[in-house]
Amino acid sequence: MTGTARPGIPLNGPAVEARADIRGTLASWADLIVEGRTVRLPLRTVPALAAFLRRHLGWLAVHPAAEDAATEIDALVQRSLRIARPRHDRRIPVGPCIATGCRGRLTAVARDPGSALPSAVECDADATHTWPPERWRALYRNLPAVPSGLSARQISSAWRIPAGTVHWLADEHRWRRLRDGRQVFYAQEDVLDTLGRDRLEES
C-alpha cells in the first residue's frame, strides 16, 4: 500500500554510523592479526572482535603498526563517547555587544569540561567579538546601560502598527531591551532608527 507511513523504531543516525565504524575498525586490525599469525578469523561481531584483539594484544603491541592501531582505536573511542554522551552547553543572555558600532547581542556560553571549545561570551553578529572567562569581569564593567525606552504598547500606538509587528521588528532589527519587572521596554534610539523619527505621532 503506497503513501502510508511504515511503523518502526526511530534510529540515531550518528550512533548507527559509529557502530559500523567500530566493527569495521576492529575487523581491519583482526584481519592483520589473522594474516600475521595464521589463526582463525573470529565472528564479525563487536564482542567477538574485541575479545580476539585482547587475546592477541601482545603480538599487536610489538607490530610496526601498533602506534597506528592505538591512535585509530583511541579516536574511535573518543568519537563514540561524544555520540553516546552528548554535551549540553548552557547559554545565558548578557546584553548588547560592547564593540564599537556592533548591533549584536552577547551570550555567555558555559561549556562542559573537556569540550573542544572553551567557555566564552560570544556575539551573535560577529564571531571575532569573543571574551574568555578571564576577561568577563572587565567585560561586565564595560557593558553599556540600556537607554530608557518605549513599551510595545507605546510603539504600537505611536506608529499605528499591531503589537505583534512590534515584537517581530524588535527581533528582526535587534532592538536593545530593558526589563522592569515583567515590563519590557525597547531602546528608543533603536526604535527610531527602524521606524523613522518623522513618523512619530502623538499617542
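How many bridges join β3 to strand β4? Two, and these strands run antiparallel, with β4 spanning residues 130-131. Keep in mind that this is a predicted model.

**The sheet**

β3 and β4 belong to an open sheet of four strands, ordered β1-β2-β3-β4 and paired in the antiparallel sense. Its edge strands are β1 (90-96) and β4, each of which pairs on one side only.

| Pair | Sense | Bridges |
|---|---|---|
| β1 and β2 | antiparallel | six bridges |
| β2 (residues 105-110) and β3 (residues 120-123) | antiparallel | four bridges |
| β3 and β4 (residues 130-131) | antiparallel | two bridges |

Start with Pro96, whose bridge partner in β2 is Arg105. Further across the sheet, Thr107 stands opposite Glu122 in β3. Glu122 also has a bridge partner in β4, namely Thr130. To get from β3 to β4, the chain goes through a hairpin of six residues.

**Two helices**

Now for helix α2, which takes in residues 46-55 and has Ala48, Leu49, Phe52 and Leu53 buried. Why do these residues sit on the same side of α2? Because they cover an arc of only 135° around the axis. Turn to the other side of α2 and you'll find Pro47, Arg54 and Arg55, which are exposed.

Helix α8 (residues 188-195) has its own buried set: Asp190, Val191, Leu192 and Leu195.

**The chain overall**

The chain has 203 residues, and 29% of them are buried. Its accessible surface is about 14,300 Å², with carbon and sulfur atoms accounting for 53% of that. And if you take the contacts between residues at least 6 apart in sequence, 43% of them join residues at least 24 apart.

Notes:
Residues numbered from 1 in each chain as written. Predicted model: local features only at pLDDT ≥ 70, side-chain atom pairs only at ≥ 80, totals over all residues. Heavy atoms only, no water. Buried < 20%, exposed > 50% of the residue type's maximum accessible area, 1.4 Å probe, protein only. Contact = heavy atoms within 4.5 Å. Areas by Shrake-Rupley, 256 points an atom, 1.4 Å probe, with all protein chains shown as cover. Pairing = 2+ DSSP bridges. Arc of directions from axis to C-beta.
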